[in-house]
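I opened this notebook to record how the parts of one structure touch one another. The entries follow the order in which I looked things up.

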Amino acid sequence: MKKLITGNEAIAYGALRAGVKAVTGYPGTPSTGCLSSLLAMDLADTHVEWSVNEKVALEVATGVAWSGQRALCTMKMSGLNVAYDTLISVAYSGCDGGLVIYVADDPGANAGMCEQDSRYFALMADMPMLEPATVAETYELTKLAFDLSEKIKGPVFLRLVTAIADSYAIVEIEEPGPVIQKAPLLIKDIQRFTKAGSVIATNQHRDLINRLEQAGQITTAAKINKTNLSNKVGGLGILASGITAAYLQEGFEAAALFGFIKEDVSTLEIKVTNPFPAVEARKMLEHCQKILILEELEPLIERGIYIEAQRMGYRGRITGKLDGLFSRIGEYGVPQVVQGIEAVLHLGIPEDLFSSNTQALQLAAARPITVCAGCPHRGTYIAIEKAIKKQGLKKNEVMVTGDIGCTILGMNPPFDLIWTEISMGASVGLAQGYVHAGVKTPVIATIGDSTFFHSGIAGLVNAIQHQIDLTLVIMDNLWTAMTGMQVNPGTPCDNGAKTYQEIDIARIISALGIEHFWIVDPFKLKESTDVIRQALALPGVKVVLARQECAIQAQRHGKQAGKIRVIEENCNLCKLCLIVTGCSAFNIGMNSIEIDPELCYGCGICIETCNRNALVEEVL
Amino acid sequence: MKYDIFFAGVGGQGILTIGEVLADLAYYKDFPANFYPSKGMAQRGGFVKAQLRLGRENIGPNIPPHGADMVIAMEQSESLKAIPFIKPGGDFVLYGDIWSPTAVSLGKVPYPTLEQIAEQVKLAEARLVYVDPQRLPNYDGELVHPNLFLLGVIMGQTTLGSLISSVDVEHIIRSRFKRNTEANIFAYRAGLGMQQVVS
């Protein structure tokens, strides 16, 4: 039946069709929607979980696949970095049940983080990688990925970019396939499943290389990459990798207005990024005198083409990034297709065909990303600011390292508090480095709850072992919020999701033997400030757990923290409340500040910023 | 029929719902479509954009510059980010809501005026359809949600209205919104019946 689904959901449905036994992952934009759609389905025969981090997720999925069942593991590109230690070993060992690793890259960095090209991970791990051009193709290639994995007996990558992962399209999908009910295999084979010893490891390496070669033979024979040779020999040949193929026809139409004849061009749509499609590429090189390569981010396919060209003694022209035409930055689309055609064929297409008026963009008011109205992090940021000030220090004298997720929003106005963002959990280790470097002022690390569980916990153990003077503020809003409210080990279990064992961060901190440990409510500004100030003055590792549920999520289940009222006659419109909190629930009225009752969660942080008693909490 | 729509607004306005209704409609009519919403990072109040491409099989999700037949914008300043995408002769629909960033509220930075936006739309050779938020009607004593009201205006006053059927739009609204169905239909019809607002 036909369904309107996203690229992420296409992977979910494809995996179900393939009879997947387990799906694991960690949230990360733009990959999140795949696993969350499966969680929402309440499947009887398939285990679906948000794991504590990507490395653990992959290990769980691997165990399933090593037992002969099918498994899918999902993550964004940054998560692949975390899982990679495990993955390269798993690739060496291979697998029995189909093991598919879905990774989502983000050309253009729509969601922040690096424009990492994960195709290079496939190259380094000698793993096949499939890269669909559309949502519909994503569904087909997902099913194929499981089959391919079982044929070669090794894990297979499936890579999407944001524009496909988050796009909705109408896709013909089938009923879920049966989950294999056969007994799990228990294969005892240290030659395959351990790495101890040069003989074992090098034998596995040899097998791995053979598996990749076999994958190339299978995908070439199955014509997964689509070659279309024109009747015109010696003309233009375009190699389009992944999503760029979806822009070819539209680009041809635009170029046709300038005399471009699409029947004269040969195309190779590449959907198997690794192994390099050498057979198909050679056909293109034999047929065409001019080669244009369209691929987002790094020139991976292009480098492969140069190698084949050298082997064949190719004398034609190769155009792409390495000759300076295209950028390694951002998404590709119709403009790159047209620009490439013009660079090779010189049809006289004006350079400014797609350039636009930049004046309009300059007129737009800057809208820095910031915390929502009612966000508990707002209270924590202000409390840290006030504590720093009360210690006689200035904000630009105190290092506050930041982490991934909503907690990073303190980097922006009005807080301007957080200095750094590296990777999941990195705030804790990085802060220790500043202490070792000899920074004399207090060093503060900030981190969210899910990030703490994911990898911040290891940094804290290190800080305790090495007795660092460090204040760690864990901003626990009980949810993995920025990626759209996923559960983590600390999320209360009464949230309607499947039951699981909830783990209280406070118990972990206590168990680590930290002497100076406080739990504060970030909506109580004065108390939070006093605690943080106390922490800053003490030696050793201090932990402040600022805990209050994410306001968006709390409101979804009917919670309201309070109701704030403006006493008009006390307000002189000094705007101090807005300057300090930056809360979007405030509007500036004619005679006084006003509060939008739709937006206000009643956190009450603003009350303590007003020195004229113009803001009061109403008794409900 | 090939028809591309670029959406711009801020999180919390419900602008993506307009795109979802139209994507649902394409699905209902078995018509090729690709809808690419893009929320960025903020939960509420951050820039939101989306792109709906109707009428082509296997189309790339991103509309090229000067390629959108229509822009639907629900925040005055954010509408400027759609200017590079509107096609000459296209409809530039602006629901003139203003969500001031804090720096604007504090008077630190300017906010673009409607005249400035109208000038940019003119430079892009597009037709501005401005909808004043003051015209948002009440239903049962409460203001209706602006998104479906705006969809009504769009169906009444742009070329999209001649390409898809209003009856189908209402069918999708009824099937999508099982609660508050009548309020949503009222909002849609109020927009549909609104007097000419082209400026």
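Predicted model: local features only at pLDDT ≥ 70, side-chain atom pairs only at ≥ 80, totals over all residues.

Entry 2, domains of chain A. I looked up the domain assignment of chain A, which lists domain 1 (2-221), domain 2 (226-345), domain 3 (376-553) and domain 4 (564-617). I then took the C-alpha centres of domain 1 and domain 3 of chain A and found them 33 Å apart. Each of these two domains gives 11 residues to their contact. On the side of domain 1 of chain A that touches domain 3 of chain A, the elements giving two or more residues are helix H2 (32-39) and helix H4 (77-93) of chain A. By class, I recorded 5 nonpolar and 6 polar residues on that side of domain 1, and no charged ones.

H3(A) contributes A:Glu54, A:Lys55, A:Ala57, A:Leu58, A:Glu59 and A:Thr62. The residues from H4(A) include A:Leu80, A:Ala83, A:Leu87 and A:Val90. I sorted the contact of H3(A) with H4(A) into 7 nonpolar, 3 polar and 4 charged residues.

How many residues does the contact take from chain B and from chain A? I found 45 from chain B and 43 from chain A. On the chain B side, H1, strand S2 (33-38), helix H2 (102-105) and helix H3 (114-123) each give two or more residues. S2(B) gives the most, with 6 residues. The side of chain B that touches chain A divides into 26 nonpolar, 15 polar and 4 charged residues.

Within S2(B), B:Asn34 stands opposite A:Ala169.

The axes of helix H1 (residues 15-28) and helix H6 (residues 166-176) of chain B come within 9 Å and cross at roughly 110°. I therefore recorded H1(B) as roughly perpendicular to H6(B). B:Val21, B:Asp24, B:Leu25 and B:Tyr28 of H1(B) meet B:Asp168, B:Val169, B:Ile172, B:Ile173 and B:Arg176 of H6(B). This contact holds 6 nonpolar and 3 charged residues, with no polar ones.

Key
Residues numbered from 1 in each chain as written. Chains lettered and ligands numbered in written order. Axes fitted to C-alpha atoms, helices over the stretch in contact; angles between N-to-C directions. Helix = DSSP H or I, 4+ residues; strand = E, 2+ residues; numbered from the N terminus. Parallel < 35°, antiparallel > 145°, perpendicular 65-115°, else oblique. Contact = placed C-beta atoms within 7 Å. Nonpolar A, V, L, I, M, F, W, Y, C, P; charged D, E, K, R; others polar. Domains from an automatic or database assignment. Pairing = 2+ DSSP bridges.
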